Amino acid sequence: KKAKKDPNAPKKPMTSFMFYSTEKRPKIKEKNPDASFGDIAKLVGQKFKKLSEEEKKKYTDKANADKLRYEKEMEEYNRTQKPAAVSSSTSKKKKKVKEVASESESESAASSSGSDDSDSDDSDSDSDSDSD
């Protein structure tokens, strides 16, 4: 199951494309009023790909600033959280690792027993070919 997000946690940083999209999408939609949401997304993506590095720099700078904001907010958020909340998330990861290990052990046991079956299948096929 997916863990619920903390509503007090900082929002993730936006990418340079997201900054570009929020700025340009209304203009593109205005020029293409009949375009679907997906069509507009494709147009925004195509225009973003065509930008030069110099043109993208404006949006990359905004994304970097937003990333710094997020990192600062996360540091503050982690300082104010209870230590138990942090350790519980790591214990869940350990449980998942144990589950994966036990699954792989059971799969290897099944595959070794499966090889015994294939030997008997070979002998059956040999006996079938003898009778033909």
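1. The side chains of Glu23 and Lys24 meet in a salt bridge in this predicted model. The N to O distance is 3.7 Å, which falls inside the 4 Å limit used to call such a pair. Glu23 is partly exposed, at a relative accessible area of 25%. Lys24 is also classed as partly exposed, at 24% relative accessibility. In total the structure holds seven salt bridges.

2. Arg69 takes part in a salt bridge with Asp66 and in another with Glu73. For the pair of Arg69 and Asp66, the N to O distance is 2.8 Å. These two residues are three apart in helix H3, so about one helical turn separates them. For Arg69 and Glu73, the closest N and O atoms are 2.9 Å apart. Here the spacing is four residues in helix H3, which again means a separation of about one helical turn. Arg69 is partly exposed, with a relative accessible area of 24%, and Glu73 is partly exposed at 35%. Elsewhere, salt bridges that share partners join Glu23, Lys24, Lys58 and Lys62 into one network. In general, side chains of opposite charge can pair when their charged atoms come close.

3. Is Asp66 buried or exposed? Asp66 is buried, because its relative accessible area of 14% is under the 20% cut-off. Asp66 lies in helix H3. Leaving aside residues up to four places away in sequence, Asp66 touches Lys12, Pro13, Met14 and Phe19. Asp66 is thus a buried residue that also has a salt bridge to Arg69.

4. On helix H3 as a whole: the helix runs over residues 53-80. Its 28 residues should span 40 Å at 1.5 Å a residue, and the end C-alpha atoms are 39 Å apart, so the two values agree. The buried residues of H3 are Lys56, Tyr59, Ala63, Asp66, Tyr70 and Tyr77.

5. On helix H2: the helix covers residues 37-50. H2 has 14 residues and reaches 20 Å from its first C-alpha to its last, close to the expected 20 Å. Its buried residues are Ile40, Val44, Gly45 and Phe48. They cover an arc of only 135° around the axis, which puts them on the same side of H2. The face turned away from this buried side carries the exposed residues Lys42, Lys49 and Lys50. What do the buried residues of H2 pack against? They pack against H1 and H3.

6. Which residues make up the largest nonpolar core? The nine residues are Phe19, Tyr20, Ile28, Ile40, Val44, Phe48, Leu51, Tyr59 and Ala63. Helices H1 (16-31), H2 (37-50) and H3 (53-80) each give two or more residues to this core. Within the core set, Ile28 can be taken as an example. Not counting residues up to four places away in sequence, Ile28 touches Ile40, Leu43, Val44 and Lys47. Phe19, another member of the core, is one of the residues touched by Asp66.

7. On the overall fold: the protein has four helices and zero strands. Read along the sequence, the pattern is α-α-α-α. Buried residues account for 13% of the 132 residues. Among contacts between residues at least 6 apart in sequence, 75% join residues at least 24 apart.

Terms used. Residues numbered from 1 in each chain as written. Predicted model: local features only at pLDDT ≥ 70, side-chain atom pairs only at ≥ 80, totals over all residues. Heavy atoms only, no water. Core = buried A, V, L, I, M, F, W, Y, C linked by side-chain atoms within 4.5 Å. Buried < 20%, exposed > 50% of the residue type's maximum accessible area, 1.4 Å probe, protein only. Contact = heavy atoms within 4.5 Å. Expected span 1.5 Å × (residues − 1). Arc of directions from axis to C-beta.
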